[in-house]
Each structure stands twice: as structure tokens, then as C-alpha cells.
Amino acid sequence: MIREAKKEDLGELLKLYLFLHEDSIPEQSKHLEKTWNQIIEDPNHHLIVNEIDGRIVSSCVCVIIPNLTRNVRPYAFVENVVTHADYRGKGHAGEFLDYAKKIAESENYYKMMLLTGSKKAETLRFYEKAGYNSSDKTAFIMWI
């Protein structure tokens, strides 16, 4: 089932992020709690999950960014696309990317952007098959 994350999903999401790039789960702290509440309460921050048999197996973040150009139409940024290793290759990520696209269409976004740190050909093909391209824009990252 594709849905938006709920407040009680934090623990499962943090475990899922171990399959993204994290090497440990953050300690419970006021900062973690404050950040989680900020995410879950922000109407422009969509944390989309795919739940199977009561377990979150994949997720992505889709953030709406208000915009003054393109006839004052917002755009979206998709990040933290992750699927549990046991559930990869079964179409789950494609399902939540479709869900994110439906949000974009219903809110009249003019574009969606997605960044990936992966250089794997199969990952890049997956994003292209999902409708994203790497030829229209050039992304630059500054790590802080």
C-alpha cells in the first residue's frame, strides 16, 4: 500500500535508511524528534512509503518548492529513494514514484527533479523508465 508516512513510522523509516547510505540509526534525541515533527507536519514535505504486510519496504521524499517563475507554478524535488534489499526489483519504487507524480500533477507542478548518488546502470535505467532524464539539467553538489 502506497501512502504518506505517519508519525508512528519513524522507527521503521530509520531502519529502512540503512539500505540507503546510513550506517547507523540516529539516537533518540530532541533534535531527531523536532526534525521528525517538522517533516511530518509540513504540507509541502511528502514522505511517501510503500507498506507491505505492515512493514515499510520502500520510501522516497517529495518536497514541494513554491516558485515565482513558470507562471508561479511550484516544482518538486525527489530524494532519499530507497527500497529494502529483500524487496528490490519488484516494482515497489516505481509505485511510489508514480504516487509522487500524481501529487505533482494534482498540484500543477511544472517539473520534478530527482538526484541519485548511484552510478549503477540499472539504477539510472530505472529512473529513465520512470520518466526522468539526465540531459535537461546539470546538477552540482556542495557537501557541507
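Hi everyone, let's start with D9: at 5% relative accessibility, D9 counts as buried, where buried means under 20% relative accessible area, exposed means over 50%, and partly exposed is in between (1.4 Å probe, protein chains only). Before going on, a word on the source: this is a predicted model, in which local features need pLDDT of at least 70, side-chain atom pairs count only at pLDDT 80 or more, and totals for chains, interfaces and linings use all residues. Residues are numbered from 1 along each chain as its sequence is written, and side-chain values use heavy atoms, with hydrogens and water left out.

Back to D9. Which residue does the side chain of D9 meet in a salt bridge? The partner is R3, at 2.7 Å from N to O. By salt bridge I mean a side-chain nitrogen of Lys or Arg within 4 Å of a carboxyl oxygen of Asp or Glu. R3 counts as buried too, because its relative accessibility is 11%.

The side chain of R3 also meets that of E51 in a salt bridge, again 2.7 Å from N to O. This pair links distant parts of the chain: E51 sits in strand β2 and R3 in strand β1 (residues 2-4), 48 residues apart. Helices (H or I, at least four residues) and strands (E, at least two) are DSSP runs, numbered from the N terminus.

The structure holds 3 salt bridges, and one of them joins E8 and K6, at 3.9 Å from N to O. Here E8 is exposed, with a relative accessible area of 59%, while K6 is partly exposed at 39%. Salt bridges that share partners join R3, D9 and E51 into one network.

Now the strands. Strand β2 (residues 45-52) and β3 pair in the antiparallel sense over 8 bridges; two strands pair if DSSP finds at least two bridges between them. Across this pairing, N50 stands opposite S58 in β3. On its other pairing, β3 meets strand β4 (residues 75-83), antiparallel over 7 bridges, and V61 stands opposite E79 in β4. How many of the 11 residues of strand β3 are buried? The count is 8, so β3 (residues 55-65) is largely enclosed by the rest of the structure.

Last stop, helix α2. Here L32, W36 and N37 are buried. Seen down the axis of α2, its buried residues fall within an arc of 130°, so they line one face of the helix; the arc is that of the directions from the helix axis to the C-beta atoms. On the other side of α2, the exposed residues include K30, K34 and E41.
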